[in-house]
Amino acid sequence: MAITRRNVLAGAAVAGGLPLATYNLCLPAWAGADDDVIPGPPVKDQPIQKLSAHVYMVEAPDGFPTPENQGLMSNIIFIVGRDGVIVIDTGASLQIAQMSIRQLRTVTKGPVTGIVNTHYHGDHWLGNHGFVEAYGKDIPIYAMAGTRKAIEGGTGTSWRDAMLKWTNQASAGTRIVPPGKDIDHGFTLPLGDATLRFHHYGTAHTPFDIAVEVPEDGVMCVGDIMMDRRIANMEDGSYQGTLDAIDKLIAASKTSVWVPAHGDAGVKVLDWQRSLFAGIYEACTRAVKQGIPLEGALAEAMKDPRVSGKAQETKGWASNIGKYVSIAYLEAEQAQF
Ligand SMILES: [Zn+2]
């Protein structure tokens, strides 16, 4: 029962996208194969920020993809070491990747030597195409096997198609380039004066999230396990799993700078995400125990200042908090039985 309701919620989210653009009617008759598509326009430059000795970020100002932002909704992170440059999440299109490469070139002449995709949501890997085009098809693309399989399968094409629709075809020309190097918890990647250490603690935002630590810098790139003033897509995730993963990331590292894929990096991200999830999940657990139905869960959660106090500052709160809390309620309900 709960599974079915969850699937219904997930379906509603997909159907809630922007209307299909008519732009494709203008394409010539031979268009169709990826290489023949007229590519979307370049993406406007976003300045690159230095977060620590080795870590840089091109930050997405917006929380959701639109025709105006051309899909720029997630951060692109670079680890610049003596022996190489690794990009963690590549943005939502070929054009976004190309923009982030322009920014990278203002801080280093070194080539990107590897790509990490933190999970299978398209805003984190559709830009792989741009990096492979710039640095060669042989550069390794690291991800968990489950992430690779999702991108190789229907999840890959549905994200590419959805991004075209949401951006009114601005991401046209983007090819699906899935990861090819399976990694798991404990993998390390040395870059000379910096090291990448990979962490995975079960289902959090998706079943296959990988976090990347740079221990020399006290940095942890968390993908979507944590966000800053954003509402995550939790359809494939777990509230309790995220809270557990956060605790394990704290215990396993000496992190001072948390780098999310959405929002600002810094020390504050940790408390922001943990308190929001704890507030929502505790309220939903209480509601289930007291027999309050799904429809009452949001009001219950909003009684907690850790939840309601974040409404003002969070992008897309009003349109997404209902579904977000419903998913937590269904998880709390399943945990009771
Ligand atoms: Zn995600």
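This is a predicted model: local features need pLDDT of at least 70, side-chain atom pairs count only at pLDDT 80 or more; totals for chains, interfaces and linings use all residues.
Which residues of helix 3 are buried? They include Asn128, His129, Gly130, Phe131 and Val132. Just past the end of helix 3, Gly136 has a positive phi of about 105°.

Now for how the helices pack. Two packed helices are described by the angle between their axes and the distance between the axes. Here are both pairs:

| Pair | Angle | Axis distance |
|---|---|---|
| Helix 2 (94–104) and helix 3 (128–135) | about 55° | 6 Å |
| Helix 7 (268–289) and helix 10 (317–336) | roughly 55° | within 8 Å |

Let's take helix 2 and helix 3. With that angle, they are therefore oblique to each other, and their crossing is right-handed. On the helix 2 side, Leu94, Ala97, Gln98 and Ile101 do the touching, and they meet His129, Gly130, Phe131 and Ala134 of helix 3. Sorted by class, this contact has five nonpolar, three polar and no charged residues. Two of the helix 3 partners, His129 and Phe131, also turn up among the buried residues.

On to helix 7 and helix 10, which are therefore oblique to each other, with a right-handed crossing. Helix 7 brings Ile280, Tyr281, Cys284, Thr285, Ala287 and Val288 to the contact, while helix 10 brings Val325, Ala328, Tyr329, Ala332, Glu333 and Gln336. By class, that contact has nine nonpolar, two polar and one charged residues.

Definitions and conventions. Residues are numbered from 1 along each chain as its sequence is written. Axes are lines fitted to C-alpha atoms, for helices over the stretch in contact, and angles run from 0 to 180 degrees between N-to-C directions. Helices (H or I, at least four residues) and strands (E, at least two) are DSSP runs, numbered from the N terminus. Angles under 35 degrees count as roughly parallel, over 145 as roughly antiparallel, 65 to 115 as roughly perpendicular and the rest as oblique. A crossing is left-handed if the near helix is turned anticlockwise from the far one by less than a right angle, and right-handed if clockwise. Two residues are in contact if their C-beta atoms, placed from the backbone, lie within 7 Å. Ala, Val, Leu, Ile, Met, Phe, Trp, Tyr, Cys and Pro count as nonpolar, Asp, Glu, Lys and Arg as charged, and the others, Gly among them, as polar. A residue is buried if 20 or more other C-beta atoms lie within 10 Å of its own, exposed if 12 or fewer, and partly exposed in between; C-beta atoms are placed from the backbone.
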